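Grab a viewer and a pencil. Here are some exercises to work through, each with its solution.

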Amino acid sequence: MTSEQHETGRVAVAKTCKLYVGGKFPRSESGRVYPVRDAAGAPLANVAHASRKDLRDAVAAARGAFPGWSGATAYNRGQVLFRIAEVMEGRRAQFGTDVAAAEGLGADEAAAVVDAAIDRVVWFAGWTDKIAGVLGAANPVAGPYFSFSVPEPSGVVGVLAPQDSSLLGLVSVLAPVLATGCTAVVVTSAERPLPAVTLAEVLATSDVPGGAANLLTGRAAELGPWLAAHGEVDALDLSGADAELRPELERAAAGTVKRVLRAGRGAPDWTAAPGLERLRAFTEVKTTWHPVGT
Amino acid sequence: MSGWEYAPAPESAAVANLRDRYRMFVDGEFTDGAGTPLTTLNPATGEPLAEVATAAQSDVDTAVRAARRAFERTWGPMPGAERAKYLFRIARLIQERGRELAVLETLDNGKPIKEARDSDIPTAAAHFFHHAGWADKLGYAGYGPEPRPLGVAAGVIPWNFPLLMLAWKIAPALACGNTVVLKPAETTPLSALVFGELCQEAGLPPGVVNVLPGSGDVGAQLVAHPDVDKVAFTGSTAVGKEIQRTLAGTGKKLTLELGGKAANIVFDDAPLDQAVEGVVGGIFFNQGQVCCAGSRLLVQESIAEELLGKLRSRVELLRVGDPLDKNTDVGAINSAEQLARITDLVAAGEAEGATRWSSSCPLPERGFFFSPTVFGDVQQSMRVAREEIFGPVLSVLTFRTPDEAIAKANNTPYGLSAGVWTEKGSRALWAAQRLRAGVVWANTFNRFDPTAPFGGYRESGFGREGGRAGLEAYLDV
């Protein structure tokens, strides 16, 4: 910023990075912030350091948004997800700068990551009205009954976003949660949170109902145990938990029989085409029976 | 009704070919376990039925090793089309020995023979028949062209439907190419051991199916065994949580079918006589010892009095007694321990102010029996409205609007099943959409089929059993 000032005579407007909870941008109730640095170690910004109370607020917001978001038509949810991609497309340059700084990539590499992230959102947008057809069934039961099975959203999903892949990894874990009709409480990458902060601004202007997606900048190790034990959280994606933290969180999740997405083998390749695993993990198959007769 | 009493119509206990002693089934052979033998009782008399060998840790190790060997050498590499034929054989053998199995199940469990004969055994056979067809069609199941088995699957099952729960675990596991170590419940091990004979008769390669009787500690050892790749558990929510904790961080695949406190909602336009039949079947089937039992009746206030009158009249006609009698509707509670739990919870219901009504049907003098019971004036905060009783006890609550019915129905940490009774199709589907439960029965209750996925929401567990969705639990996807 200093050099910029010398060159142009203009002082840049410093950005205060806040949380995204319930469709609003609050500071952490704790008042805490922490410094974020780029891949080379130069300071980038201070971001809000979410506390346990912020997490509880986010879960309450996600729970409150669940009936509306899960009750929306799949067509509507698909359009909202597509709208996220549209708005991201308009912010390609900013995402490129964020990702380059966060992950230490060159401009072209960062642009490719941003494009992949946008395309990923589009891919999941297309799934909203196909999940039921692909994961559901008409059951040919041996009796005079009509029996059908439909996948329904599990509820509030707690997500520890990947620590390294700050944007592509983030949308790869958030988009499937929203596509199923679940609502999300996401703890972003701790060291690389700025792409998530920009994504929050996109979410806020993309017709995503307030509370459907909540993004907390903070530490997985600090917030994870409360997220995993919270009675109003139905499912967990622990992508951003390290090998030591994960078993502890899985144990905490057992207290309320949470669904926990199975850990894949080795480090995930976020550039690879995703499968249905995340859509299956955060849905419940409901079977309904009705007699058939005159 | 006087002058129209039923004559006794007992099934012959001799059909069960009961023996004094049963042994574990490991690696294709019946062997003595290193554990302390247990005595399994006939809950209808309280008397011993047979002595059963139990497993020690060394037996768990042996069985898992045998299952691993069979997975690697015979069952895993075998083409699906060949595996299928073994499953078809097993389905046929269950049908052919159906009468023997039904009587054995009734003796060991206490359930009415008409339920074992008409429900448990045929449905168990149907599960093997259905899954046999999957063995060579897994590429069409929706998990990719060549989904792979997981390896050694551990099954831990409860005592309420011993052979049926065995089928729910073993049939899909084998169809998907896994081998199995099964721990039947402590109080009902017999049909699982006779199933070992069926495996021998079917020529199933040794080690593909292993049965280890014993108590909860054998189950715990099996679940924690490092060489088990997948755990499938049906039982209480408390034990399910413990298993989830045990497996935390191991990467092993887990499915849980846990408790329930299902709401059976009767709207004012429901056909009342049909609804009464459904409500009675929903809670008194298998003495109410059913995880998806409709244990909370939610009835619309305007018809509550009329419905309860009909309900009491109907329940009064249920015949409680000798499970081997073909006319018996309600048999014996499975164990003294379970009877004590039911008695405790019913006492809590009375103490908390609910109004108890029990059938006047005489109970047998011996054995573990409990009168069909209906609680009125139940509040949502009472233990009888919140806790799973797992016995012939129905709690009745009322509601005024459809929204209130849904809110009360969903006011539980459980979410296994629910019932809706209404003549209005749009209302039935509206309610079915809003009920947070894995199975919703509209104008029917307690229907099961191997093609229809079954499983819970929330603390009723995760994973599905049956149909295409059920295969996921046994595939590496």
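Ground rules first: the model is predicted, with local features needing pLDDT of at least 70, side-chain atom pairs counting only at pLDDT 80 or more, and totals for chains, interfaces and linings using all residues. Residues are numbered from 1 along each chain as its sequence is written, chains are lettered from A and ligands numbered from 1 in the order written, and side-chain values use heavy atoms, leaving out hydrogens and water.

**Exercise 1.** Work out how compact chain B is.

Solution. 
- Start with the secondary structure: chain B has 15 helices and 17 strands (DSSP runs, H or I of at least four residues for helices, E of at least two for strands, numbered from the N terminus).
- Next, take the radius of gyration over C-alpha atoms, and the globule rule as 2.2 Å times the number of residues to the power 0.38.
- Chain B comes out at 22 Å, close to the rule's 23 Å for 477 residues, so it is as compact as a globular protein of that length.
- Then check burial: 64% of the 477 residues in chain B are buried (under 20% relative accessible area, with exposed over 50% and partly exposed in between; 1.4 Å probe, protein chains only).

**Exercise 2.** Find the residues that touch the most other members of the largest nonpolar core.

Solution. 
- A nonpolar core is a set of buried Ala, Val, Leu, Ile, Met, Phe, Trp, Tyr and Cys residues joined through side-chain atoms within 4.5 Å.
- The largest has 116 residues, and Ile94(B), Phe128(B), Phe195(B), Val266(B) and Leu311(B) touch the most other members.
- Helix α5 (residues 162-175) of chain B gives the most to this core, with 11 residues.
- Zoom in on Phe195(B): leaving out residues up to four places away in sequence, its contacts (heavy atoms within 4.5 Å) include Ile90(B), Leu166(B) and Val209(B).

**Exercise 3.** Explain why the buried residues of α9(A) lie on the same side.

Solution. 
- List them: in α9 (residues 220-229) of chain A, Ala220(A), Leu223(A), Gly224(A), Leu227(A) and Ala228(A) are buried.
- They span an arc of only 130° around the axis, which puts them on the same side of α9(A); the arc uses directions from the helix axis to the C-beta atoms.
- An α-helix has 3.6 residues a turn, so residues three or four places apart point the same way.
- Their cover includes α2 (52-71) and β5 (156-160) of chain A.

**Exercise 4.** Describe the contact between chain A and chain B.

Solution. 
- Count: 39 residues of chain A are in contact with 45 residues of chain B.
- Together the chains bury about 3200 Å², 49% of it on carbon and sulfur atoms (accessible area, 1.4 Å probe, lost on being put together, summed over both).
- Val257(A), Arg262(A) and Trp289(A) supply 21% of the area that chain A buries against chain B, more than any other three residues.

How values were computed:
Buried area is the accessible area (1.4 Å probe) that two parts lose on being put together, summed over both.
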